[in-house]
Amino acid sequence: MKNSLTLQNICIMVGDKEIIHNIDLEITPGKIHALMGPNGSGKSTLANGLMGNPKYKLSKGRIVLNGKNITKIAPDKRAQEGLFLSFQYPPEIGGVTVANFLRAAWQAAHKKKITALDFYQILEKKMVMLHLDESFASKHFNQGFSGGEKKKMEMLQMLVLEPKYSILDETDSGLDVDALKIIGKCIKYLTTKKKMGVLIITHYNRFLHHVVPDKVHILSHGQIIKSGTKTLAKEIEKKGFKNM
Ligand SMILES: Nc1ncnc2c1ncn2[C@@H]1O[C@H](COP(=O)(O)OP(=O)(O)OP(=O)(O)O)[C@@H](O)[C@H]1O
Ligand SMILES: [Mg+2]
């Protein structure tokens, strides 16, 4: 069995329209892939389809995670298999603290209980990595969070869950330079120390200075039209997508 997150001939429909056409991609442990492409090319559609959002229907193809076909299983089960997805527009949930939300997510992913005290030990270390103040844990999940705090919340969730593979949709958007650096470090920690494989969806080569990709792919009209190394991201920055 080969360890990888493999997409085989993936097609995704939104309503009755096919947005993603025949995508093949293989992400192996510890590797960083960047997915770039113009607005509306289908990046978020691909991310949503992979996570099993019911609005985004996988009409063709297979998703295989470390040898297991996860194409037809529900989103929470995909998370249990070790797949993590960040949201471009994360939801606000009322009445749940950050600590309680993350503890519930941890318990669901590990299929076992953990006491609040034991969980706090884990959480505290991760909050330090993100330069978050202790008081963050008792805030209400995403409520009244600034754009940057929401992104840090996603990263905190990823650090707590230590998924095998992550798909990060515009995690870098709206972050100040310091936050960009911190989040870059967290992603690097997970890819190098925990061998997480990651697909980073981004518009900016700037972010890729912090998390240097092993591979860069360009999505256009729902298809990967070019793959290359980090120099491809530099080329995009210089020339724009139209001249690729
Ligand atoms: N829920 C939806 N309902 C209707 N159309 C959708 C939906 N989600 C995506 N689409 C359509 O699919 C296409 C791809 O959109 P998507 O959001 O995947 O692009 P993107 O590459 O993530 O763009 P951006 O860089 O702006 O985030 C667009 O034409 C969009 O209108
Ligand atoms: Mg998008």
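Phenylalanine 84 stands opposite serine 166 in E7. The model is predicted; local features need pLDDT of at least 70, side-chain atom pairs count only at pLDDT 80 or more, and totals for chains, interfaces and linings use all residues. Residues are numbered from 1 along each chain as its sequence is written, with chains lettered from A and ligands numbered from 1 in the order of writing.

Strand E6 (residues 83-85) runs parallel to E7, and 3 bridges join the two. Strands pair if DSSP finds at least two bridges between them. Strands (E, at least two residues) and helices (H or I, at least four) are DSSP runs, numbered from the N terminus. Strand E8 (residues 197-201) is also parallel to E7, joined by 5 bridges. Here isoleucine 167 faces leucine 199 in E8. From E7 the chain passes through helix H6 (residues 177-193) to E8, in a right-handed β-α-β crossover. Right-handed means that, with the strands pointing away from the viewer, the path from the first strand over the helix to the second runs clockwise.

In E7 (residues 165-169), 5 of 5 residues are buried. A residue is buried if 20 or more other C-beta atoms, placed from the backbone, lie within 10 Å of its own, exposed if 12 or fewer, and partly exposed in between. In a regular strand, side chains alternate between the two faces of the sheet. Tyr165, Ile167 and Asp169 point one way from E7, and Ser166 and Leu168 the other.

Glutamine 8 lies in strand E1 (residues 5-14). Glutamine 8 is partly exposed, because 16 other C-beta atoms lie within 10 Å. Its C-alpha atom is 5.4 Å from that of glycine 61, 53 residues apart along the chain. Beyond four places in sequence, glutamine 8 touches Asp24, Gly61, Arg62 and Val64. Contact requires C-beta atoms, placed from the backbone, within 7 Å.

The shell around ligand 1 includes Val14, Ile19, Gly37, Asn39 and Lys55. Membership requires a C-beta atom, placed from the backbone, within 6 Å of the molecule. Helix H1 (residues 43-51) supplies the largest share, 3 residues. By class, the shell has 2 nonpolar, 7 polar and 2 charged residues.

The protein chain holds 8 helices and 10 strands. Buried residues make up 36% of its 244 residues. Of the contacts with a separation of 6 or more, 71% join residues 24 or more positions apart. The C-alpha atoms fill a box of roughly 50 × 40 × 35 Å along the principal axes.

Definitions and conventions. Two residues are in contact if their C-beta atoms, placed from the backbone, lie within 7 Å. Ala, Val, Leu, Ile, Met, Phe, Trp, Tyr, Cys and Pro count as nonpolar, Asp, Glu, Lys and Arg as charged, and the others, Gly among them, as polar.
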